Amino acid sequence: MAFVQFSQVSLAFGDRDILKNVTINLQTGSKVALTGANGAGKSTLIKVLAGLVQPDSGDRAVQKDCRITYLPQSGLTHNGCTLKEEADKAFEFGYELQRQIDEIGTKLQENPSNSDALVVKQADLIQKLEESEWYRREATAETVLLGLGFSRADFNRNTEEFSGGWQMRIALAKALMQNPDILLLDEPTNYLDIEARGWLESFLQNYKGGFLLVSHDRYFLDVTINEVYELFNGDLKRYPGNFSHYEKVREVELKTLIADYEQQQQEINKLEDFITRFGYKATKAAQAQEYQKKLDKMVRIEIPESLKKIHFSFPPAPHSGRLVLRLNNICKSYDKKTNVLNNLELVLENGERLVVTGRNGAGKSTLLRIIADADKDFTGEIIPGSGVKIGYFSQDNAETIKGKENILEYLENRAPLELIPKLRDMLGSFLFRGDDVYKSLDMLSGGEKSRIALLQLLLSPVNLLILDEPTNHLDIHSKDVLLEALKGFGGTVVFVSHDRGFIEQLATRVLELKPGQFKNFPGDYQFYMEQIQKLENAENQEGGKSLSLASATEPSQRSGSASSATHSSGGDPRNAPQAVSETKLSWEEQKKKDAERRKIEKEIARLEEEILSLEEKKSELDAKMADPAVYSNGEKAKSVQKQIEEIAQKIEVATAAWEQASENLELTSVKEAKS
């Protein structure tokens with residue numbers, strides 16, 4: 001059994017202990033997560049395991065011939081060959097074994113005598129080569145590359161054509177293809193969309209070797225690992241079970257420590273207060289000095305940042321109508337030939353939390369930019385509801401943050417007065433702790449600026465939040481703080497995220513995008529996944545085939561579900577991509593069903609406009625009712641109140657009609673899916 005292990009390993013940078021007498025054992029079958037606060041030294045520990053950093057003391061033992069592969073967080077690039085050729089470099093181990101086998105074969109031919117030792121060695125090498133599955137390298141490369149989101153068309157592209165995120169996907173693919181005994185992965189999901197993360201989850205669940213990984217995706221950890229090592233103040237402690245189990249055990253374990261911490265903080269505050277108040281008074285100077293000595297000798301209790309409960313809430317969302325936004329026939333093309341978004345329809349209601357899903361390139365960020373009015377180069381119509389105020393976050397927001405101000409000053413100048421006292425805690429929850437808040441904006445990294453841009457948005461009084469990958473630069477604790485704030489947000493949220501746990505806890509509705517197509521799923525993410533799975537099962541049964549590993553890694557061609565509204569690309573419907581159920585329909589039947597759908601959609605649109613108009617009139621009358629000249633005059637007040645009641649009744653009637661039409665549309669979708 002292959003293994004790599006530490007025994008009493010220590011490492012310090014200056015006067016800071018990164019590792020203190022650490023012991024860890026990784027072997028074949030290990031499924032380990034390494035956790036700890038940002039800056040705790042997780043990446044350093046992995047590098048020591050990989051043999052890239054030498055410890056100050058202690059022993060590192062590696063079994064003979066144990067192969068270890070290490071993947072850093074970022075910084076790897078590839079050039080000078082095609083993707084397929086670069087992938088083949090992952091199999092250097094097998095090529096070297098084959099070279100040694102051939103070399104021994106040549107020696108045996110030249111000198112057959114005294115060949116027993118050479119024959120045994122050659123047999124051993126052949127066995128290793130077979131176990132490494134080197135002979136299946138082309139199929140393995142194809143499976144892994146497709147699973148991580150590359151298409152077959154990418155295989156012959158030069159590697160320098162891929163962006164930074166895709167460069168790291170290439171590096172991850174090569175690490176997995178090497179099939180090492182021990183796999184060390186530092187934030188492997190950073191550049192993966194949710195489909196690629198799902199594939200990687202399955203890969204690691206079935207991985208025969210051992211692995212240790214760092215990740216800020218709780219769901220990903222829960223389904224891949226069975227033990228957790230926590231690095232805290234240089235100490236390393238093991239917890240069996242998945243990540244959620246570790247958090248529960250750790251929180252119970254630390255209750256006493258937290259109580260002691262809070263008691264010590266009270267004592268420290270009292271001592272510091274006395275020293276400040278009486279340190280310069282002759283009658284109290286001696287006592288103040290004694291208190292200072294006590295402070296200096298005190299062993300400070302520390303608790304992990306993830307256990308410090310930080311909460312904040314959004315400023316109250318301004319009032320808006322029930323209908324927040326309507327998109328009619330939205331089309332978007334970048335090359336004037338192919339539509340990324342084609343005739344997209346969307347009605348967004350107050351309080352919804354809509355997640356937009358789809359593979360990279362499906363148009364998720366494009367749609368969010370259009371909704372946020374950051375992209376005006378499209379056709380179609382966007383109708384905002386009454387009183388809608390939009391807040392938009394994307395990674396591009398970071399580019400606007402610059403200047404000589406420090407972080408705290410920058411946010412204090414932009415925050416509502418009531419939130420200024422909470423800014424330090426809020427900054428802490430977004431990974432800016434201690435003196436970090438005094439960093440100049442011009443000194444911040446791109447990731448740090450993105451976190452500031454997100455926090456700045458959360459300080460603004462808006463009622464429609466558009467969030468494009470808000471969790472990208474956050475750790476698990478920061479994601480939890482953001483999630484709780486969004487759950488309590490009084491407005492509407494449209495977001496894109498590749499963090500499945502975040503999506504499952506936040507989304508109330510799913511919009512799935514594919515190039516030129518969209519599908520609406522009126523339910524949470526779990527419901528969406530169930531419907532997708534049902535459709536895949538139906539397609540597999542109808543086709544009379546089961547999915548192989550290779551076919552399962554192809555970009556999904558799912559086309560709808562029994563409870564989803566399905567919309568395909570424009571042009572002749574006979575040539576458009578169609579769901580399995582739709583292929584049973586004749587052209588005439590499809591025309592009839594399309595006409596029925598369009599009639600219902602037009603009625604829904606008419607009713608929405610009517611409701612919007614009535615709500616605006618009612619708002620005007622409500623404002624008039626608040627006028628002293630009206631409410632102080634009995635006749636005028638009675639007249640206005642009567643009008644308000646009449647409009648309220650009309651709104652109720654129109655809303656009931658809208659609900660019935662929406663139900664009819666839903667039933668039409670179900671019939672189409674079943675036909």
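Reader: Which residue in β13 is the bridge partner of L325?

Author: That partner is P384. Strands are read by asking who pairs with whom, and here β10 (residues 323-333) and β13 pair in the antiparallel sense over 5 bridges. Do keep in mind that this is a predicted model.

Reader: What is the order of the strands in that open sheet?

Author: Its 3 strands follow the order β11-β10-β13, with antiparallel pairing. The edge strands, β11 (339-349) and β13 (379-384), each pair on one side only. From one strand to the next, the twist averages 10°.

Reader: Which helix lies across β10, β11 and β13?

Author: Helix α12 (residues 364-371) does, and it runs at about 125° to β10.

Reader: Could we look at a single residue? Is N328 buried or exposed?

Author: N328, which has its place in strand β10, has a relative accessible area of 11%, so it is buried. To see what surrounds a residue, look past its neighbours in sequence. Beyond those within four places, N328 is in contact with L344, E345, G380, E381 and I383.

Reader: Now for another strand. How many residues of β12 are buried?

Author: For β12 (residues 353-357), 5 of its 5 residues are buried, and the strand is mostly covered.

Reader: Which strands does β12 pair with, and in which sense?

Author: With strand β16 (residues 492-496), β12 pairs in the parallel sense over 3 bridges. β12 also runs parallel to strand β17 (residues 509-514), joined by 4 bridges.

Reader: Let's turn to helices. Why is α1 called largely enclosed by the rest of the structure?

Author: Counting buried residues settles it: 6 of the 8 residues of helix α1 (residues 42-49) are buried, so the helix is largely enclosed by the rest of the structure. Those buried residues are K42, T44, L45, I46, V48 and L49. After α1 comes G51, whose phi is positive, near 85°.

Reader: And the aromatic rings? How many aromatic pairs are there?

Author: The count comes to 12 aromatic pairs. To describe a pair, read the distance between ring centres together with the angle between planes. For Y95 and W134, the centres are 5.2 Å apart and the planes are at 85°, so this pair is edge-to-face, since an angle over 60 degrees counts that way. The pair links distant parts of the chain, 39 residues apart: Y95 is in helix α3 (residues 92-110), and W134 is in the loop between α4 (116-131) and α5 (137-147).

Reader: Are Y95 and W134 buried or partly exposed?

Author: Y95 is partly exposed, with a relative accessible area of 30%, whereas W134 is buried, at 7%. Ring pairs also link Y95, W134 and Y135 into a cluster. R137 lies over the face of W134, at 3.9 Å from the ring centre. Elsewhere, the charged end of R67 sits over the ring of F93, 3.9 Å from its centre.

Reader: Stepping back, how many helices and strands does the protein chain have?

Author: The protein chain has 22 helices and 19 strands. Of its 675 residues, 47% are buried. Among contacts between residues at least 6 apart in sequence, 70% join residues at least 24 apart.

Reader: Where is the pLDDT below 50?

Author: The mean pLDDT of the protein chain is 83, and 89% of its residues reach 70 or more. Over residues 545-566, however, the pLDDT is below 50, though this stretch has 56 contacts in the model beyond near neighbours in sequence. Residues 568-587 also stay under 50, with 31 contacts beyond four places in sequence. Where pLDDT is low, the predicted coordinates should not be read in detail.

Key. Residues numbered from 1 in each chain as written. Predicted model: local features only at pLDDT ≥ 70, side-chain atom pairs only at ≥ 80, totals over all residues. Heavy atoms only, no water. pLDDT = per-residue confidence, 0-100. Contact = heavy atoms within 4.5 Å. Buried < 20%, exposed > 50% of the residue type's maximum accessible area, 1.4 Å probe, protein only. Helix = DSSP H or I, 4+ residues; strand = E, 2+ residues; numbered from the N terminus. Phe/Tyr/Trp six-rings, centres within 6.5 Å; stacked < 30°, edge-to-face > 60°. Lys NZ or Arg CZ within 6 Å of the ring centre and 35° of its normal. Pairing = 2+ DSSP bridges. Axes fitted to C-alpha atoms, helices over the stretch in contact; angles between N-to-C directions.
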